[in-house]
Amino acid sequence: MNATPLPGTTSVLVVGAGPAGLTAAITLADAGVDVVVLDRLTEGANTSRAAVVHARTLEVLAELGIADELILRGIQVPRFTVHDGARTLATIEFGKLPTPYPYTLMTPQDTTEAVLLERLHKAGGRVHRPYIVTRVVNEKDGATVEYTDAAGVAGTIRADYVIGADGMHSTVREHAGIGFTGDTYPASFVLADVRMTWPIARDEVALHLSPEGVTVVAPLPDAAEPDRYRVVATVDDAPEHPTTDDIQAILDARGPGGDIRVREVLWSSRFRVHHRVADRYRAGRILLVGDAAHVHSPAGGQGMNTGIQDAAALGPLLARVLAGEPQALLDEYEASRRPVAVGVVAFTDRMTKMATLRPRIARLARNTALASLSRIPAIRTRLAFRLAELTTR
């Protein structure tokens with residue numbers, strides 16, 4: 001529980017201390033802006049959730065001085081492969097990309113958040129928790145935010161600007177009156193971190209296509225026992241907490257064959273996937289970042305990355321406005337970042353629909369097209385750029 005009471009006023013209030021909210025707070029604190037961060041959780045994320053950090057995000061985090069620390073805690077994966085059973089349909093290499101980070105970095109989200117939080121502390125900031133925001137009133141020269149603390153005691157804080165980084169079910173977005181247009185995929189997704197024997201090398205993220213659904217298997221860092229993996233799979237009716245037997249059955253049915261033995265489920269969940277984009281990124285003194293602004297399929301691991309990049313773009317713009325530049329400068333944020341989200345949603349939607357085809361003829365045509373197109377160097381390079389998010393520079 002928080003020992004320090006909240007101030008009555010601040011320049012910027014960030015609601016949500018996930019990766020996007022923390023990144024926004026760091027950029028503001030670095031610029032000398034008075035920033036308060038609220039989060040509804042008693043502690044930070046203690047599960048791995050998003051586990052992919054792409055090259056463009058590492059470039060952004062390098063500007064904040066934390067890419068190297070994150071890299072030390074992760075595992076570098078230089079390729080992405082697509083399989084149907086034992087057949088490899090496509091291999092996308094990141095090694096020749098024009099970036100200091102020619103790979104995907106696999107690291108659990110709790111690790112990413114811990115590194116960001118350490119950096120926020122160095123900038124003189126902190127996260128106040130647990131506080132639940134109940135109402136946001138958008139006013140001409142600021143916003144008033146109502147909240148309750150862990151004891152249920154209500155309070156208010158007045159801010160010049162509010163950043164909603166409070167996720168898909170954003171209270172900030174709702175009270176700002178911003179629509180969240182899109183839909184929900186019919187299938188549910190299984191998400192699990194497991195210890196297992198897996199026949200594919202730990203230097204690739206493997207996407208497995210099958211009539212039963214799509215499955216992604218990626219290595220997770222663990223120096224002591226290098227047998228930790230992330231498994232994501234579409235399942236028509238997934239159990240709330242998939243077990244060892246559930247994950248084993250999925251991989252036996254959809255995997256590459258060979259020696260697959262799931263020994264332990266470290267953490268598991270199920271979730272529904274939405275594809276939605278906020279109609280606006282700004283309403284007066286309220287701005288949105290991360291999942292509050294866009295959600296989409298986990299295909300390609302784009303979500304957290306796009307959110308961090310949102311925040312890294314917004315923070316410096318907001319700092320300049322608070323230093324006296326025109327408010328119209330903030331229009332650049334939506335103009336530059338919303339098209340990125342629209343593109344990511346479209347890209348991941350195409351990947352998801354392609355990967356979850358059921359009719360046999362459609363799957364055969366897909367496999368033939370993937371195998372043929374992936375032999376063309378220009379197409380492989382274009383896909384690598386897109387997956388690494390280097391197209392958003």
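Predicted model: local features only at pLDDT ≥ 70, side-chain atom pairs only at ≥ 80, totals over all residues.
Colleague: How many aromatic pairs does the structure hold?

Modeller: Rings of Phe, Tyr and Trp pair if their centres lie within 6.5 Å. By that rule, the number of aromatic pairs in the structure is 4.

Colleague: Are the rings of Phe189 and Phe271 stacked or tilted?

Modeller: A pair of aromatic rings is described by the distance of the centres and the angle of the planes. For Phe189 and Phe271, the centres are 5.5 Å apart and the planes meet at 20°. Planes under 30 degrees apart meet the cut-off, so this pair is stacked.

Colleague: How many residues apart are Phe189 and Phe271?

Modeller: Phe189 belongs to strand β12 (residues 180-197), while Phe271 belongs to strand β16 (residues 261-278).

Colleague: What about Tyr281 and Tyr333, are their rings stacked or tilted?

Modeller: Their ring centres lie 5.6 Å apart, with the planes at 45°. Stacked needs under 30 degrees and edge-to-face over 60, so the Tyr281 and Tyr333 pair is tilted.

Colleague: Which helix holds Tyr333?

Modeller: Tyr281 sits in the loop between β16 and β17 (282-283), 52 residues from Tyr333. Tyr333 is buried, with a relative accessible area of 0%. Its helix, residues 331-355, is α8.

Colleague: Which ring does the charged end of Arg173 sit over?

Modeller: For a charge over a ring, CZ of Arg has to be within 6 Å of the ring centre. The charged end of Arg173 is 3.8 Å from the centre of its ring. That ring belongs to Phe180.

Colleague: Which element gives the largest share of the lining of the second largest pocket?

Modeller: This pocket holds about 510 Å³ of space, and 20 residues line it. The largest share, 5 residues, comes from α10.

Colleague: How many residues of that lining are nonpolar?

Modeller: Among the residues closest to the pocket centre are Phe347, Met351 and Leu383. The lining of the second largest pocket includes 2 polar and 4 charged residues. Its nonpolar residues number 14.

How values were computed
Residues numbered from 1 in each chain as written. Heavy atoms only, no water. Phe/Tyr/Trp six-rings, centres within 6.5 Å; stacked < 30°, edge-to-face > 60°. Helix = DSSP H or I, 4+ residues; strand = E, 2+ residues; numbered from the N terminus. Buried < 20%, exposed > 50% of the residue type's maximum accessible area, 1.4 Å probe, protein only. Lys NZ or Arg CZ within 6 Å of the ring centre and 35° of its normal. 1 Å grid on protein atoms, 1.4 Å probe; cavity = no way out; pocket = protein on both sides within 12 Å on 5 of 7 lines; lining within 4 Å. Points joined across faces, edges and corners; volume = space filled by probe spheres on them. Nonpolar A, V, L, I, M, F, W, Y, C, P; charged D, E, K, R; others polar.
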